[in-house]
Amino acid sequence: MSTREVTLRSTVAGYTAEGKLHTLSVWFILALRLMMGLAFLQAGLGKLTGEGFSAAGYLQNAPSANGSPLADLFVSMAQTPWFMDFVNVAVPWGQLLIGLGLVVGCLTRLAAFFGGFMMVLFYFGNWDVSHGYINGDFAYMLVFLSVAAFGAGRILGLDKYIEAYDVGGEPLVERYPWLRYVLG
């Protein structure tokens, strides 16, 4: 087994963060991607194969009952028929596609972005700060952001091969650099 440490360094707004990571960290990054992928794949499949999914009751009641600062927004969403039609399709299919993308490592950054976005909405919908502002939804949002930041789809995932696909004599992501934002 070959292992070593690698140095990471990043500067944002004049502040530099630097640290060493052990190369075994790649397995933990893969584990995070697969864990979130399986969780969302199961959640989406459960909603699609169940008795029919509707977010209306949740949006109308839960955020108001738990004191969410966005309760009025969630109630307004629930009272807008076309928006509820969209949400009732987007949530289960979104969870399924996010989960599938993460499990196979395809369009990983795009999947992780939308997974993180869903977790922000769940965070405000499930608002409960009695034990502090950090809860499971917030932690999952950070896991999604980590999966995206580490380019976890390149670790035993399809993104590695998609990025390297030869288009006119050069790798796909060199020909179309914007793809780096959705692959990886």
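The chain contains eight helices and four strands, where helices (H or I, at least four residues) and strands (E, at least two) are DSSP runs numbered from the N terminus. Read along the sequence, these elements follow the pattern β-β-α-α-α-α-α-α-α-β-β-α. Please note that this is a predicted model, in which local features need pLDDT of at least 70 and side-chain atom pairs count only at pLDDT 80 or more, while totals for chains, interfaces and linings use all residues. Residues are numbered from 1 along each chain as its sequence is written, and side-chain values use heavy atoms, with hydrogens and water left out.

Let me turn to the overall dimensions. The C-alpha trace spans about 55 × 40 × 35 Å along its principal axes. Of the 184 residues, 34% count as buried; buried means under 20% relative accessible area, exposed over 50%, and partly exposed in between, with a 1.4 Å probe and protein chains only. The chain exposes about 11200 Å², of which carbon and sulfur atoms supply 66%; accessible areas come from the Shrake-Rupley method with a 1.4 Å probe, and for residues only the protein chains shown count as cover. Among contacts (heavy atoms within 4.5 Å) between residues at least 6 apart in sequence, 60% join residues at least 24 apart.

Strand E1, residues 5-12, pairs with strand E2, residues 15-22, in the antiparallel sense over eight bridges; two strands pair if DSSP finds at least two bridges between them. Within this pair, Leu8 stands opposite Gly19 of E2. Two residues lie between the strands of the hairpin, and Ala13 takes a positive phi near 55° there.

Next comes helix H1, residues 25-49. How far apart are its end C-alpha atoms? They are 36 Å apart, which agrees with the 36 Å that 25 residues should span at 1.5 Å a residue, because the expected span is 1.5 Å times one less than the number of residues. The buried residues of H1 are Ile29, Leu30, Arg33, Met36, Gly37, Phe40, Leu41 and Gly44. An α-helix has 3.6 residues a turn, so residues three or four places apart point the same way. The cover over the buried residues of H1 includes helix H4 (81-104), helix H5 (108-125) and helix H6 (136-149).

Is Ala55 buried or exposed? Ala55 is buried, because its relative accessible area is 8%. Leaving aside neighbours within four places in sequence, Ala55 is in contact with Met84, Val87 and Asn88. Ala55 and Val89 are 34 residues apart in sequence, yet their C-alpha atoms are 9.8 Å apart in space.

Finally, I come to the salt bridges. How many does the structure hold? There are three, a salt bridge being a side-chain nitrogen of Lys or Arg within 4 Å of a carboxyl oxygen of Asp or Glu. One joins Glu18 and Arg9 at 3.0 Å, N to O. Glu18 is exposed at 53% relative accessible area, and Arg9 is exposed at 56%. Another joins Arg154 and Glu163, with the closest N and O atoms 2.8 Å apart. Here Arg154 is partly exposed at 34%, whereas Glu163 is buried at 10%. A further salt bridge links Arg175 and Glu170 at 3.6 Å, N to O. Arg175 is partly exposed at 37%, and Glu170 is partly exposed at 26%.
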